[in-house]
Amino acid sequence: MAAARAACWQALRSLRAQRREWALWVVLIGLGCAVSLLGAQLLRATLLAPLPYPQAEQLVRIRESSEPSFQGFQVSLARFAYWQQQSTSFSAMAQYRSLGVSLRVDEGAERVLAAQVTPDLPQVLGGPQSFGAGFLEDDDAQVLISEQVWRTRLGADAQRLNQPLWVDGQPYRIAGVLPAGFDFPEPHIELLLRWQPNAKELAGIGGNRAHVIARLRPGVEATAARSELAALSLQFEQQHPRLRPWRPEIRAYSEDLLASQRPALLLLASVVVLLVLSLLGALSALSLLRSAAQAPDRALKSALGATAAQLNLQRVAEVLAPGLAGGVLGLLLAHLGAPLLQTQLILYLPRAQGIELPAETLVIAPLIGLMLALLAAAPALLWEPRSARIATLREHRSERMARLHGLLVGAKFGLAFVLLSSALALISASARTAAIDPGFVTADRHYARFSLPPTRHAEPASVEAFHRQLLEEIRALPGVVSASLSHSLPVLRHYQLLVDVEGGLQTESEVSPSGNYSLVSDQHLQTLGLRLLRGRTIEAADHADAIPVALVSAEFERRWFGEGQALGKRVRVVNDPAWREVVGVVADVHQHGAGLDTVPQLYGPLAQRAERDVFLVLHATGAAGDLQRALDARVQALDPALALEALRPLAAAEPVSIRLTRALSLMVTGFAGLAALIALLGLFACQRVAVLQRQREFGLRRALGANDRALLQAVLKPALGMAAVGCLLGLALQLGLQQLGALWLHGLPLPQPLQLLAIALLLLGLSLMVALGPARTALRVPAMQVLRAR
C-alpha cells in the first residue's frame, strides 16, 4: 500500500508538471470513448436490437418475382386473398399500403402519412394498440392512431376517443392508440386505417398490389411456407390462365429491414474501428515519447535501487487519471453527439431513432477510458527492459524504442490511407452522380402530393373535373410559369408494369416488354423540362372521350420497337383494355435517380384514367412561402376537407441510396481527416524527438563538412520511409477490405487504382512538409558547441 500511495503521489506531481501533455491525452481518450460509445449504440439500435414485437422471429415479409426485371414486387390483392383462404403455414397474414390523407382536427386540415391495413395486421404484429378495443369486424371506418397524434392533435383527451376522427372527409371511429415508439414496417406512419379490399379492387387480378407481412405458425420453417405458397400460386394461375407466373419469396422480417442498410452500417463500424485504432496509435506514440524523455530519470532511480515494479506502478498510475477524465469527457461528447447522429441518419436508417445512451454508460464510459489508456501505455511498459534503461543512463539511444515508434507511425499512416481512400471513393461517387444529367430540370421546380377523398370523388368524371379546375386556378397564380399533375415522379414514385406491344421487335429474349408507367396532365413535359424528340406531347384535348394515346421514352423505343419506329404503333398496359397509339417520343429520364440505370418509360394522359393520389408539379419563381399560402387558399376554396402537402423543391428529391452515400462520405471524410491529422502529428513528434536525440551527431557531421542537403536527407528519408511503409500497409489493408467488400459492402463504391495512388502521393507530400520543421532544426545545430561539449 505504501508503494501504491507513493506511486500515486509521484503521478500527481507528474500530472501537474505536464498539464498540456496530459490534456492532450484526455482529449484523445475522450474522442476514442465517444466514437466507441456512439458506434456501439448505432449497431445495437440497428443490427442487434430485437424487433419490438412478440415472437418476432415468426414474422416474415412476402414478395413476388417473375422475370429478371420484376424482382421483389408487392403481392396482388386477389392472389393474397387466395393464399389467406388456403394456406395453413401462417397463423395470420395481412396486407398494407401507405398513402397520404387529409386529417381534420377541430378547424384545420393537414396532410399526414397513413397506411391502409387489413384487419389481421394487429394479430400479425402482436396486438399493437396501447389501449382501445382494436379493430371490430363489422365496421370498415376504423383507425388506429399514433401516440403523437393522440398527444399533439387530440391533447391526450380520453373523451375524444369516443368522437369521430375525420380522414379525407369521412368519419372514422378511433379503435385504439398505438404505443410510443411503435415500429411500423414503414416510417412516419401516423394512422392505420382498417381496409378490407372490395370486389372492384379484387377484380384487378394482377394489377392491384400491396405489401404482405405474415406470422408463421410455431414450428413451421420459412422454406416449407414458401413451398406451400408456390403450390397455391400455381393453382391460382391455373384458375386465371391469362396471368403470368409469379413465384413467392419469403424473408425473415428482421432480415428484410436490414438488407439494404447492412453495407452502410458495416462500413461505419469499420470506420469506427479504424479511427479508434488510429487514436490508440497516437496515444501509444505519446507514451513512447514520454517514456524516452523520462528514461534518464528512471535509469537513475533504477541504479539507486528502485525495482521495475515500482517504476511501472508509477507509470500506470500516471495514465489512470487521464483515462478516467477521458472517459467522462467521452460520455459528455457521446450525449451531445447522439441527437446529431440521429438527425443525420434517421432519413436513411429509420431504426437509428433508437440510438440512446442507457444508464450503464455512466460506468462503461470510464472503463473504456481506462482500457484505452492502459492499451496505449502498454508498448512503452513492455518494450523497455532493464538493459535499455541502463543504456539510456549511458546516453545512448534506444534503437528498439525508435523502431517501435516508427512502426506505430507507419501503422497510423496505414489507417489514414484506408480511411482517406474510402472517403475519396464515396466523394467521387457522389460527384459523378451529381454530374449526370437526370433528364429533367430541377431549378425553380416544386412538388406537392395530395389525395382526393373517394367519398366525394368516387367517379372518374368528378376526379377529372377537380384536376382541371385546380390546374386552371394554379396556372393563374402570379409567378407560376407552368403547372401539371402526375401520379408518379422521377425518384419519388414509379410504377413498373408489363406492356403489350403491337408491331414491336421480335426477340428471343425471355424478358417481356415492360416499363415505368406515368399518368400525366398537359404541360407536364414543359413543367419538368422534358425534351420531346419526335411527335407531339400530351394535350388538354386528350380527355376521357378522346382516342387513347401514349408517349414513350427513347429507351422504350430502342428496346421494344427499334430506333425511330415507335410513332403510330400501339401499346397496352397490363389491366388496361385500351390500346394506346404512340404519338410522341421523349428523351430518357433517370426515374430511379441519377447514376442509376435508365429504364423504359411510358406516359399516358391522366384525364383518360383518373387517379386520386397525384403530385402537383410547379415551375414557379418567387418566394416559396407566398406560393404555399396561395396554393392552400386555392385548394381550400375548391375542397375545404382537402389538405395539400407542403411544397418541396424537386432538386431535393433523391433516392435513399444516393443520400446515404453522401451522408457516409461526409462522416468518413471527417474521420479520415482526423486520422490523417493524428498520423502527421505522430510523425512530427517522432522526427522532432529523433532530431533532439541526434543533435551531437548532426553537430559532428557539420564539423566534418556535411552540407545542408546531407543533413536534410538524414531527417527526411526516415520520415518518407515511415510514410511509405504506412501507405503500403494501408494498400494491403484496403485490398483485403475490397475482397471482403464483395461479400458485405455490396452497393457501396470502392477506391480505384488512381485514387489509391493519389492518396499515397498526398500522404507522402504531407509527411514531407511536416518533416521539414524538424529538418530545419537539424540545420541549426551549432557544430562548435557540440565539439566543446565532447
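# Reading the labels on a predicted model

Reader: Why does Q523 count as partly exposed?
Author: Q523 has 26% relative accessibility. Buried means under 20% relative accessible area, exposed means over 50%, and partly exposed is in between (1.4 Å probe, protein chains only), so at 26% Q523 counts as partly exposed. A quick word on ground rules: this is a predicted model, in which local features need pLDDT of at least 70 and side-chain atom pairs count only at pLDDT 80 or more, while totals for chains, interfaces and linings use all residues. Residues are numbered from 1 along each chain as its sequence is written, and side-chain values use heavy atoms, with hydrogens and water left out.

Reader: Where does Q523 sit, and what makes its phi worth a mention?
Author: Q523 is in the loop between β14 (514-520) and α15 (524-528); helices (H or I, at least four residues) and strands (E, at least two) are DSSP runs, numbered from the N terminus. Its phi is near 70°, a positive value in a residue other than glycine. Most residues other than glycine have a negative phi. Q55 has a positive phi as well, near 45°. Q55 belongs to the loop between α2 (19-48) and β1 (59-65), and its 46% relative accessibility makes it partly exposed.

Reader: What makes R79 and E237 a salt bridge?
Author: The N to O distance between their side chains is 3.0 Å. A salt bridge is a side-chain nitrogen of Lys or Arg within 4 Å of a carboxyl oxygen of Asp or Glu, so the pair of R79 and E237 qualifies. R79 lies in helix α3 (residues 77-86) and E237 in helix α7 (residues 222-239), so the pair ties together parts that are 158 residues apart in sequence. Both ends are buried: R79 has a relative accessible area of 2%, and E237 has 12%. R79 and E237 also belong to a network of salt bridges with E64 and R209.

Reader: How many salt bridges does the whole structure have, and how do you know that R449 and D613 meet in one?
Author: The search finds 18. For R449 and D613, the N to O distance is 2.6 Å, which is within the cut-off, so the pair counts. R449 lies in strand β11 and D613 in strand β20 (residues 613-620), so this pair ties together parts that are 164 residues apart in sequence. R449, at 16%, is buried, and D613, at 17%, is buried too.

Reader: What separates R558 and E555 along helix α16?
Author: About one helical turn, because R558 and E555 are three residues apart in helix α16 (residues 554-560). Their closest N and O atoms are 2.9 Å apart, and they form a salt bridge. R558 is partly exposed at 36%, whereas E555 is buried at 16%.

Reader: Why does R445 have no salt bridge?
Author: The nearest side chain of opposite charge, D444, is 5.7 Å away.

Reader: What joins the side chains of R445 and H619?
Author: A polar contact of 3.3 Å. A polar contact is a pair of N or O atoms within 3.5 Å; within protein, one must be able to donate a hydrogen and the other to accept it, and residues adjacent in sequence count only if both atoms are side-chain atoms. Beyond four places in sequence, R445 also touches other residues, including Q526, L618 and R648; contact means heavy atoms within 4.5 Å.

Reader: Why is C33 called buried?
Author: Its relative accessible area is 0%, so C33 is under the limit for buried. C33 lies in helix α2. C33 and G330 are 297 residues apart in sequence, yet 4.8 Å apart in space, C-alpha to C-alpha. Leaving aside neighbours within four places, the contacts of C33 include G326, G330 and A365.

Reader: And the chain overall: how many helices and strands are there, and what share of residues is buried?
Author: The chain has 22 helices and 21 strands, and 49% of its 790 residues count as buried.

Technical notes
Lys, Arg positive; Asp, Glu negative; His and termini not counted.
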